[in-house]
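Here is a short note for you to read beside the model. Please keep the sequence and the 3D view open as you go through the points.

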Amino acid sequence: MQNLEPIRIFLTVADMGSFTRAADSLGMQKGRASTAVRKLEEDVGVRLLHRTTRNVQLTEDGRAFHARARDLLADVDDLNSMFAGDRVALRGRLRVDLPTEVARMTIVPALPDFMAAHPELELELSSTDRQVDLVQEGFDCVLRLGPIRDETLIARPLGLLRMANAASPAYLARFGVPLSLEDLKRQEHRTIHFSTRLGARPHGWEYPDGDGYATLQLLSALHVNSAQTYEAAALAGLGLIQAPLLGIGPYLESGALVEILPDFRRRALPVSLVVAHRSNLSRRVRAFMKWIEDVLTPYLEQDELFIKASKSKR
């Protein structure tokens, strides 16, 4: 249905707030995108977008049109594929963001089978440890570690990543092996601080405390914003870390890192698939989300709260 292309272009421009970014995302020239939206405005008889030198914003009429247009395209996509099942190949571009270690350890090694099953699908795979903006950066879906605090997003909980406390043998030889929380303070241990935003206040060393969790504030001379750098710093003997077993498990098995205080692990890390809109998921997005859930399930733990949350999101 080629006559729907201007609407698709308009939605992408509106969501990304930029003709340039939208054109790049859609694989077309900026002029073509601008012409398509201008013609759409002429056809509907109202201005849909405010254009400035810095950004693009929806007008009041544009917001109303945007909501109806999104529902319309979702209905058209579902209508076109309702009898297709697996007989119609997945086509088009799919843009996804994954945490670096999850991508390296699980998703990328499994990708050959997925790509072989869907040869007409073009996958753009971003791998970063910061929280990307789904709408502004044009992602179809992202995998998030930790709680989802943005209530405007739609999250599908998948499970929990078990954590471990670890340090290198060289670090432990220098500072001693802590056998209790008191040892962490008495032996003047130091941690490597991880945050996706440099300069953020250190979270502290988390440990179970009764029915909940508490934190100790330990020395931290090094702050990093990458999971791989976090692990590398621990391997170099620069401090203690609290990291998912998914990433550091091989280092614990080889002896490059040593687990400490196994009875005082920090809380498991929630893992969720996140999309910006529930009602506008294409077949390719739904298929990829189902595949990634199948790939990750063996690595994740479940608890009653997550099972209930997962069912409520489906």
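1. Glu124 forms a salt bridge with Arg95, and the closest N and O atoms are 3.2 Å apart. This pair links distant parts of the chain: Glu124 sits in strand S4 (residues 121–127), Arg95 in strand S3 (residues 92–98), and 29 residues separate them. A salt bridge here is a side-chain nitrogen of Lys or Arg within 4 Å of a carboxyl oxygen of Asp or Glu. Glu124 counts as partly exposed, at 26% relative accessibility. Arg95 also counts as partly exposed, at 26%.

2. **Ground rules.** This is a predicted model: local features need pLDDT of at least 70, side-chain atom pairs count only at pLDDT 80 or more, and totals for chains, interfaces and linings use all residues. Residues are numbered from 1 along each chain as its sequence is written, and side-chain values use heavy atoms, with hydrogens and water left out. Buried means under 20% relative accessible area, exposed means over 50%, and partly exposed lies in between (1.4 Å probe, protein chains only). Helices (H or I, at least four residues) and strands (E, at least two) are DSSP runs, numbered from the N terminus.

3. **The whole chain.** The chain has eleven helices and 14 strands. Of its 314 residues, 44% are buried. The accessible surface comes to about 17100 Å², and 51% of that belongs to carbon and sulfur atoms. These areas come from the Shrake-Rupley method with a 1.4 Å probe; for residues, only the protein chains shown count as cover. Now take contacts between residues at least 6 apart in sequence: 74% of them join residues at least 24 apart. Contact means heavy atoms within 4.5 Å.

4. Side chains of opposite charge can pair when their charged atoms come close. Lys39 is partly exposed, with a relative accessible area of 44%. Asp43 is exposed, at 54%.

5. **A bridge with a loop residue.** Arg266 forms a salt bridge with Glu206, with the closest N and O atoms 3.7 Å apart. Arg266 lies in the loop between strand S13 (258–259) and strand S14 (269–275), and Glu206 lies in strand S9 (residues 205–209), so the pair ties together parts that are 60 residues apart in sequence. Salt bridges that share partners join Glu206, Arg266 and Arg267 into one network. Arg266 is partly exposed, at 26%.

6. **Two backbone angles to check.** Glu188 has a phi near 55°, a positive value in a residue other than glycine. Glu188 lies in the loop between helix H7 (181–186) and strand S8 (190–194), and is exposed, at 53% relative accessible area. Leu261 has a phi near 45°, again positive in a residue other than glycine. Leu261 is found in the loop between S13 and S14. At 5% relative accessibility, Leu261 counts as buried.

7. **The cores.** The largest nonpolar core has 30 residues; among those with the most contacts inside it are Ile107, Leu143, Phe288 and Leu296. Which elements supply at least two residues each? They are S3, helix H5 (100–117), S4, strand S5 (141–145), strand S6 (154–161), S14 and helix H10 (283–296). H10 gives the most, with seven residues. A nonpolar core is a set of buried Ala, Val, Leu, Ile, Met, Phe, Trp, Tyr and Cys residues joined through side-chain atoms within 4.5 Å. Leaving out residues up to four places away in sequence, Leu296 touches Val102, Thr106, Ile107, Leu143, Leu158 and Val271. A second, separate core of 22 residues includes Leu4, Val37, Leu49 and Leu73.

8. **Strand S5 and its partners.** S5 is mostly covered, with four of its five residues buried. Two strands pair if DSSP finds at least two bridges between them. S3 and S5 run parallel and are joined by two bridges. Val96 stands opposite Cys141 in S5. S5 and S14 run antiparallel, with four bridges joining them. Leu143 stands opposite Leu273 in S14.
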